[in-house]
Amino acid sequence: MEGECPAGARKLPAGDLFHAAVSGDPEWLCLSLERVQSPSQQQNKQGLTVLHVAAQHGQLNCLKLLLESCTVDVNACCPHGQRPLHMVLSPESKPNSYCCLTYLLEHGAEPNVSTDEGLTPLHLAAAEGLRECVEALVRVGADTHTRDSRGHTPLEYACLWGHRVVARILKNAMWHRDKKTDMEKRKELQNLKQNMIRMHRKAEGMQKLAREAINKQKVSEWAERKGLPCLRSPTTGLWTLSHHCCHSAKPVKKHHATESRDMWNMSPNLSRPPPANISRAKTVRIGVHPEEAADEPDLRQSVTLHCFGNGHVHCTTSWDDIPQRLPDLPLDVIQKDLFPSEFPSRISGPLQLQCSSVLDLSHRGGTHGNEASPWTEVAMHLAEELQPGHY
């Protein structure tokens, strides 16, 4: 296969272009690019482009020259679905894997592309134990929960090949993503609950007006049967005047302890303020007295939950019979958030205790200390993965 060249120039074998990418000689590669037309379409026997070969062998200078020439695609795909970002994570690219990876990411390489086998760059970096590459991919948003065609995650690849540090980094990233997703779902559920509370109060108001209208109609019908005039409630001014006439003495001003002092001020002398000002958050309890319950209506009579076989939870309300899907949360979590009076919390703390990073937790070492070989763990994983008699 020979590359095309303009008239008057000698023909250059296309293989020279790949040899230049493997050797990493920028001058030879620059000369080859000048003499070859459409270098992005030049492929070797394996269907790899020049950019694939340069990335596979960790030739950063060749990558810069190819991408700056704007003649190649940074996300070019080979017949097996591999991109240059996959090739840069091969064993041949060490020790330039990290610098080549960051350069490709800075120039538009997609971090979540997958091969025909479902392998993403994070899978390959975890399998090779490239800690810096794994951290770089996680920072740019690589999916830590993605699975290949066999259903394995990058964390499982790191555990399979005995890369403990990489496994802890991936476990920490997965934990943070799970917590972030759970918090977003809980906020969505809280917004839905507030909407339910507004509709519940609106429905209660309409029911109250309907009951008052029915009562008024029944009283009018009763008065008409008895031959009585239409009954009218006294006005506020006349009632106030008669009340003051019957009680000529000056009314005594009463102090209500619950209105004139805070929960923490238990002093019997209300005229003297405490010597110090105590400020506290609402979630912190100072004394032994129970805190006031939240002013929320009970939604148990107006909201009904339905759990289907696929695990999705729907709800129907008394004012709307159309099933509405709730956020993807466990049923007990949804019940505790929507019906707190029916499912009270067993322990309520003032602070939300949470781990800042999985990497800060203490962990156990290997069974034989630091001298344990990673191949021992690889053998255990292979014994669990491979079925006897099939290989």
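Visitor: Leaving aside neighbours within four places in sequence, which residues is Ser93 in contact with?
Guide: This is a predicted model. In it, Ser93 belongs to the loop between α5 and α6 (97-106). Once the neighbours within four places in sequence are left aside, the contacts of Ser93 are Val88 and the run Ala55, Gln56, His57 and Gly58.

Visitor: Is Ser93 buried or exposed?
Guide: The cut-off for burial is a relative accessible area under 20%. Ser93 has a relative accessibility of 0%, so the residue counts as buried.

Visitor: With which side chain does the side chain of Ser93 make a polar contact?
Guide: A polar contact requires a pair of N or O atoms within 3.5 Å. For the side chain of Ser93 the distance is 2.7 Å, and the partner is the side chain of Ser97.

Visitor: Which residues of α7 are buried?
Guide: Helix α7 covers residues 121-128, and six of its eight residues are buried, so the helix is largely enclosed by the rest of the structure. The cover over these buried residues includes α5 (84-87), α8 (131-139), α9 (154-160) and α10 (164-226). The buried residues themselves are Pro121, Leu122, His123, Ala125, Ala126 and Ala127.

Visitor: How are α7 and α8 oriented to each other, roughly parallel or roughly antiparallel?
Guide: The axes of α7 and α8 lie 8 Å apart, and the packing angle is about 155°. Angles over 145 degrees count as roughly antiparallel. The relation of α7 to α8 is therefore roughly antiparallel.

Visitor: Which residues of α8 meet α7?
Guide: The crossing of α7 past α8 is left-handed. From α7, the residues involved are Pro121, Leu122, Ala125 and Ala126; on the side of α8 they meet Cys133, Val134, Leu137 and Val138.

Visitor: What is the phi of Gly129, which follows α7?
Guide: Gly129 comes after helix α7, and its phi is positive. The value is near 75°.

Visitor: Which strands stand at the edges of the open sheet of three strands?
Guide: The strand order in this sheet is β3-β4-β5, and the pairing is antiparallel. An edge strand here has a single partner, so one of its sides is left without a neighbour in the sheet; this applies to β3 (303-307) and β5 (324-325).

Visitor: What angle does the direction of helix α13 make with that of β3?
Guide: Helix α13 comprises residues 331-338 and packs on the sheet, where it touches β3 and β4. Its direction and that of β3 make an angle of about 175°.

Visitor: Which residue in β5 is the bridge partner of Cys315?
Guide: Strand β4 (residues 313-317) pairs with β5 in the antiparallel sense, over two bridges. The bridge partner of Cys315 in β5 is Gln324.

Visitor: Is Val333 buried or exposed?
Guide: Val333 is placed in helix α13. Its C-alpha is 9.8 Å from that of Phe343, a residue 10 positions away in sequence. Because its relative accessibility is 15%, Val333 counts as buried.

Visitor: How many helices and strands does the protein chain have?
Guide: The protein chain has 391 residues, of which 30% count as buried. Among contacts with a separation of 6 or more, 62% are between residues 24 or more positions apart. The secondary structure comes to 14 helices and five strands.

Methods
Residues numbered from 1 in each chain as written. Predicted model: local features only at pLDDT ≥ 70, side-chain atom pairs only at ≥ 80, totals over all residues. Heavy atoms only, no water. Buried < 20%, exposed > 50% of the residue type's maximum accessible area, 1.4 Å probe, protein only. Helix = DSSP H or I, 4+ residues; strand = E, 2+ residues; numbered from the N terminus. Contact = heavy atoms within 4.5 Å. Pairing = 2+ DSSP bridges. Axes fitted to C-alpha atoms, helices over the stretch in contact; angles between N-to-C directions. Polar contact = N/O pair within 3.5 Å; in protein donor to acceptor, adjacent residues only side chain to side chain. Parallel < 35°, antiparallel > 145°, perpendicular 65-115°, else oblique. Left-handed = near helix turned anticlockwise from the far one by under 90°.
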